[in-house]
Amino acid sequence: MIIRVRRIAAVCALGTALTALAACSAPQPVRAPRATAGPAVASASPAAGPPTLAPGPAGLTPVFEHGPRTGDRAVALTFDADMTADQGPRAARGERFDNPGLIAALRELKVPATVFMTGRWAEQYPRQARSLGRDPLFEIANHSYSHYAFTEDCYGLPTVDEERMRTDVERAYAAFREAGVPDPMPYFRFPGGCHDTRALRALTPAGVTAVQWDVVSGDAFATDAGAVAREVLDGVRPGSVVVLHCTLSAAPTTERVVREVVPELRGKGFRFVKVSELIGASGGRR
Ligand SMILES: [Zn+2]
């Protein structure tokens with residue numbers, strides 16, 4: 001199986017002292033994703049969960065990159081709420097890993113969006129995590145607890161040991177619950193997008209669908225909002241998944257990018273959807 005790792009500007013490589021991941025207490029049972037790795041089957045329950053893709057070959061965690069390239073011009077803007085496990089001291093000194101202006105813009109423009117949140121971010125900004133999680137405009141998905149890499153050589157990020165991969169994902173769900181996020185989605189975005197067969201196998205028991213993207217906005221560390229907006233506008237096709245960031249310190253132009261691209265794309269007939277809608281349209285089953 002060929003795993004394509006697409007270019008992504010690293011939000012990660014902000015030289016961090018390698019504080020060891022604090023000892024994890026045993027996570028609570030994961031509620032959001034399926035607990036087993038069997039083939040996705042339709043549930044008889046009226047409270048069926050969000051759509052997920054069936055596992056890949058040999059039961060590997062399935063990987064989603066974009067929705068159908070149909071005439072229905074749906075596009076999903078996704079926002080990674082990055083915060084690495086050892087960035088707490090920088091947040092304490094006033095560095096902003098959140099971006100309230102961006103969230104306000106999405107609400108003002110009525111743009112549904114999927115936020116891939118790290119557990120560490122939810123711990124740092126629990127009121128915002130809860131507010132996002134309770135707002136039907138948004139869905140919260142998992143971007144790991146620590147924002148450590150799941151492969152070697154991933155933009156200089158520290159790496160998670162294979163035996164810790166699943167617990168890192170589950171620890172993020174525990175942080176979401178602690179913050180009051182009611183129904184996080186069973187979707188996982190690898191930090192930096194970096195993954196391989198070993199990582200996909202390690203996460204099989206977590207029951208998540210891995211979500212990549214087909215459009216890189218390049219908003220990380222960008223200073224020219226217009227250039228980022230052009231990347232998005234040039235890249236978007238029907239069914240696209242666009243990766244952006246919800247981390248002011250590392251992606252300061254994203255609110256301006258959103259304010260520029262949203263009316264442009266709507267003018268071209270695009271409508272904004274959450275990732276779950278694209279997965280559902282791609283044969284994902286509840
Ligand atoms: Zn990230």
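## Helix H5

At 1.5 Å a residue, the 18 residues of H5 should span 26 Å, and its end C-alpha atoms are 27 Å apart, which agrees. The expected span of a helix is taken as 1.5 Å times one less than its number of residues. Helices (H or I, at least four residues) and strands (E, at least two) are DSSP runs, numbered from the N terminus. This is a predicted model, in which local features need pLDDT of at least 70 and side-chain atom pairs count only at pLDDT 80 or more, while totals for chains, interfaces and linings use all residues. Residues are numbered from 1 along each chain as its sequence is written.

The buried residues of H5 are Met165, Asp168, Val169, Glu170, Arg171, Ala172, Tyr173, Ala174, Ala175, Phe176 and Ala179. A residue is buried if 20 or more other C-beta atoms lie within 10 Å of its own, exposed if 12 or fewer, and partly exposed in between, with C-beta atoms placed from the backbone. The packing partners of the buried H5 residues are helix H3 (119-124), helix H4 (126-133), S4, strand S5 (187-188) and helix H6 (197-202). Just after H5, Gly180 has a positive phi of about 95°.

## The loop between S4 and H5

The loop between strand S4 (138-142) and helix H5 (162-179) contains His147. His147 counts as buried because it has 28 C-beta neighbours inside 10 Å. His147 and Ala85 are 62 residues apart in sequence, and their C-alpha atoms are 6.7 Å apart in space.

Tyr155 is also found in the loop between S4 and H5. With 16 other C-beta atoms within 10 Å, Tyr155 is partly exposed. Although Tyr155 is not a glycine, its phi is positive, at about 55°.

## Helix H8

H8 has 14 residues, and the distance from its first C-alpha to its last is 20 Å, close to the 20 Å expected at 1.5 Å a residue. In H8, the buried residues are Thr254, Glu255, Val257, Val258, Val261, Val262 and Leu265. These buried residues of H8 pack against strand S2 (74-81), helix H2 (100-109), H7 and strand S8 (241-245).

## Packing of H7 on H8

Helix H7 (residues 225-235) and helix H8 (residues 254-267) have axes that come within 9 Å and cross at roughly 40°. That makes H7 oblique to H8. Axes are lines fitted to C-alpha atoms, for helices over the stretch in contact, and angles run from 0 to 180 degrees between N-to-C directions. Angles under 35 degrees count as roughly parallel, over 145 as roughly antiparallel, 65 to 115 as roughly perpendicular and the rest as oblique.

H7 passes H8 in a right-handed crossing; a crossing is right-handed if the near helix is turned clockwise from the far one by less than a right angle, and left-handed if anticlockwise. On the H7 side the contact is made by Ala225, Val228, Ala229, Val232 and Leu233, and on the H8 side by Arg256, Val257, Glu260, Val261 and Glu264. Two residues are in contact if their C-beta atoms, placed from the backbone, lie within 7 Å. The contact of H7 with H8 has seven nonpolar, no polar and three charged residues. Here Ala, Val, Leu, Ile, Met, Phe, Trp, Tyr, Cys and Pro count as nonpolar, Asp, Glu, Lys and Arg as charged, and the others, Gly among them, as polar.

## Packing of H2 on H8

The axes of H2 and H8 are 8 Å apart, and the two helices pack at an angle of about 20°. H2 and H8 are therefore roughly parallel to each other. Their crossing is right-handed.

In H2, Gly101, Leu102, Ala105, Leu106 and Leu109 meet Thr254, Glu255, Val258, Arg259 and Val262 of H8. By class, the contact of H2 with H8 divides into six nonpolar, two polar and two charged residues. Lys110 is found in the loop between H2 and strand S3 (113-117). Lys110 is exposed, with 9 other C-beta atoms within 10 Å, and its phi is near 55°, a positive value in a residue other than glycine.

## Ala222 and the whole chain

Ala222 lies in the loop between strand S7 (215-216) and H7. It is buried, with 21 other C-beta atoms within 10 Å. Leaving aside neighbours within four places in sequence, Ala222 is in contact with Ala227, Val228, Ala251 and Thr253. The C-alpha atoms of Ala222 and Pro252, 30 residues apart along the chain, are separated by 7.2 Å.

The protein has nine helices and nine strands. Of its 286 residues, 49% are buried. Among contacts in the protein with a separation of 6 or more, 84% are between residues 24 or more positions apart.
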